[in-house]
Amino acid sequence: MKHKKYPLIPLRGLTILPNMVIHFDVGREKSVQALEKAMKKDQLIFLTTQKSTLLESPDINDIYQIGTISKVKQLLRLPGKTIRVLVEGVSRGRVIEHTLKHPYMEALVEVLEEPESKREKKREEALRRQAIESFEEYAALAGRISPETIFSIISTQKTSKLADLIVGSMNLKLQQKQLLLEEINPVKRITKLLPIIIEEIQILQLEKDISSKVKGQIDEMQKKYYLKEQLKVIKEELGESSEMNDEVGEYQQQMKDRVFPEEVKEKLNHEIGRLKKMSPISAESSVLRTYIEWLLDMPWDKNTDEKLQLANAREVLERDHYGLKQVKERIIEYMAARKMSNGFNAPIICLVGPPGVGKTSIVKSIAEAINRNYVRMSLGGVRDEAEIRGHRRTYIGSMPGRIAKAMKQAGSMNPLLLFDEVDKMGNDFRGDPASAMLEVLDSEQNNSFRDHYLEVSIDLSQVMFITTANTTDTIPRALLDRMEIIEVSGYTGEEKIHIAKNHLIPKQYKKHGLKKSVMKITDDALINVIQGYTRESGVRSLEREIASLCRKVATNLLEKNKKSITIGIRNLAEYLGPIKYSYELAFDQDEVGIVRGLAWTYVGGDTLSIEVNVMPGSGNFELTGQLGDVMKESAKAALGYIRSKTNKLGIEKDFYKTKDIHIHIPEGAVPKDGPSAGITLATAIISALTLIPVKKDVAMTGEITLRGRILPIGGLKEKLTAARRAGMSTVLIPYENKKDLRDVPETVMNHLQVIPVSHLDEVLEVALVKKIQALKVDQMLIPKEQGEVNKASIHS
């Protein structure tokens, strides 16, 4: 085995085999240095192929380890530091070690000697003849190989050289050439080459058939083109204006009148130059016109002047929306920071909350407050990545993505873009749009967003992005990380009354042509509509019910010739029918085994009555009311705690053997789940076992552990609102949720006594009408055979 160090040049899109004579251009600095080093020594250089043609500076791992030791025959220096080099492949070689990376690449190369096979001479000769015959057929079909080259190849007697010369003259893929280069055994190499030649022959035959069919069609098209060109010249001679020249002139005038980024300007000049040379009737010219018009219509040089007057912004936000304090404060903070520092980028905010709470509508008010153009883009059901990034122009019917369309629609480079329902994007075989949104919603990357159709960079860094969602559970974690989450909770009853009076009723009056003088809704009737005809966090259903009242009043005014109608509690059912929803109120008296719990639903807070019955039996434990797995586990955890504290709670030690316990939560058709009913379940079971009633005006929420600790829960605002609506006076909450009380409206807190608790003992002390009496030693169930020893240990 021969080993020697050679300067190394990685080749892009080119594979050189032994016995090949070929020239190529060298322009990379390292490659030029390696070439000069070779010329100073023995003119030998090691040439190997890059695995990827896209890499500008390949590393050791980016090149194939087997290449060709070649001799430099001639150098020609071209303008621009480029050298054209003529080389001849000498022998195969394998990289043993990379000895140098800078200023040029050098490697220790092992010369690969070809084995001689004396046993397979007849097989080798048969393969050689078959290869020559197949190559002659290929050369006849290809028609681009000179007769001298063909004669030189077929007259070659050595199998190894024959295979290499055939590969060098054929138009094969780089991977195929590399595969044949790496095969050292000549017989195996020509065996692998034969199927490749046969496949290329079949492809050339198909190309020939297709070409003959297309030629007939092209002849007819050329005839039409020739006649139309003649007609065009005749029109020009007659002085008639050229439509194409007019269009090109209009495009060039638009470029003069506006300021474009350098990249866009170069692209426009290039494409308009192409359009000039095209026939106006060609199909491609219409595609090119559309592309040029898209580039010209984008608002590259247009911006709106932001209004950074905080007082005016507050006035606009308060005028259009009631509540939503956190959202409004965040916008005011942005405006203040922007006013103090011109380089402050707009935030990327995600408003998360139930339907109908005003997430989408407040964004429009934000755009007005800061004087930005507003565009809404719904992402619900979007499944194709191309809808965000656009389609490549190689496809028929391609078009820009939604981002580029939104920027064009906005007419400025600093609009407010609303991405509605960002949690409802999907993905399928066409790609994942959420992944494309990662670049859009990243303030560090979106200054050079590239649409596949436009093929130029779009600066989105000045755009203010706001997204909306009903839940964060379905938003990918990487996308969620790029957004500032603001929770938008549901409205309380008082907030809904305020919204109805100041926004919804005036809006419906105007829509139905009514006035305050002809229609009046009393406050009591409005409260009844909110509580009896709607069940939601937002106000959409409330607006529909108010619209229904307006329609019916308009009908009565016209049919019964009334001058005005007042809607109160007494006649409300005449217009809206019987009450649709009812809420549980506080019990009339203290009950044993019944406790009022608090729950969060997608339409707001609600109360749940948890009922427990204890009966003589064999220790069965039953749960009914369509409970979820988490709630069932909470009940088991509560029972586990009770069993560990029987003496302290005054309960028989073997109650779980002698009694059956049945827990039921009414409204069995409604699924129920969650850990926050833990302390409610425990209190109800203890009440049923001790026969101590629970106070009728106490409600509670909290997760329980096996040791009786109470863990925090979510949705506190909605739960306390539900407790107040049900007429409760005392609510027990986990101590760790005490910090969340600041988000609860004063109108709710003023009617409730909220008691933070950290252990079940505190819950029982407040919830039960009297204290539990612990069992004395002589009351506890102790097996007789254990004797006085156990009693003594209990006393101690």
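Start by selecting helix H18 (523-532), helix H19 (540-559) and strand S15 (565-567): these are among the elements that cover the buried residues of helix H20. Keep in mind as you click around that this is a predicted model.

Now bring up H20 itself, residues 569-576. Show the side chains of Asn571, Leu572, Tyr575 and Leu576, which are the buried residues of this helix. Look down the axis and you'll see them on the same side of H20, because they cover an arc of only 135° around it. Then step off the end of the helix: H20 is followed by Gly577, and if you check its backbone, phi is positive, near 80°.

Hop back to helix H19 and select Glu543, which is found in it. Is Glu543 buried or exposed? It has 18% relative accessibility, so Glu543 counts as buried, the cut-off being under 20%.

Together Leu206, Ile210, Val214 and Ile218 make a nonpolar surface patch of about 340 Å². Zoom in on Ile218, which has its place in helix H6, residues 186-237. Colour by accessibility, and Ile218 comes out at 35% relative accessibility, so it counts as partly exposed.

Notes. Residues are numbered from 1 along each chain as its sequence is written. This is a predicted model: local features need pLDDT of at least 70, side-chain atom pairs count only at pLDDT 80 or more; totals for chains, interfaces and linings use all residues. Side-chain values use heavy atoms; hydrogens and water are left out. Buried means under 20% relative accessible area, exposed over 50%, partly exposed in between (1.4 Å probe, protein chains only). Helices (H or I, at least four residues) and strands (E, at least two) are DSSP runs, numbered from the N terminus. The arc is that of the directions from the helix axis to the C-beta atoms. Contact means heavy atoms within 4.5 Å. Patches are made of residues with over 30% relative accessible area and no salt bridge: like charges are joined within 9 Å, nonpolar side chains (Val, Leu, Ile, Met, Phe, Trp, Tyr) within 5 Å. Accessible areas come from the Shrake-Rupley method with a 1.4 Å probe; for residues, only the protein chains shown count as cover. A salt bridge is a side-chain nitrogen of Lys or Arg within 4 Å of a carboxyl oxygen of Asp or Glu.
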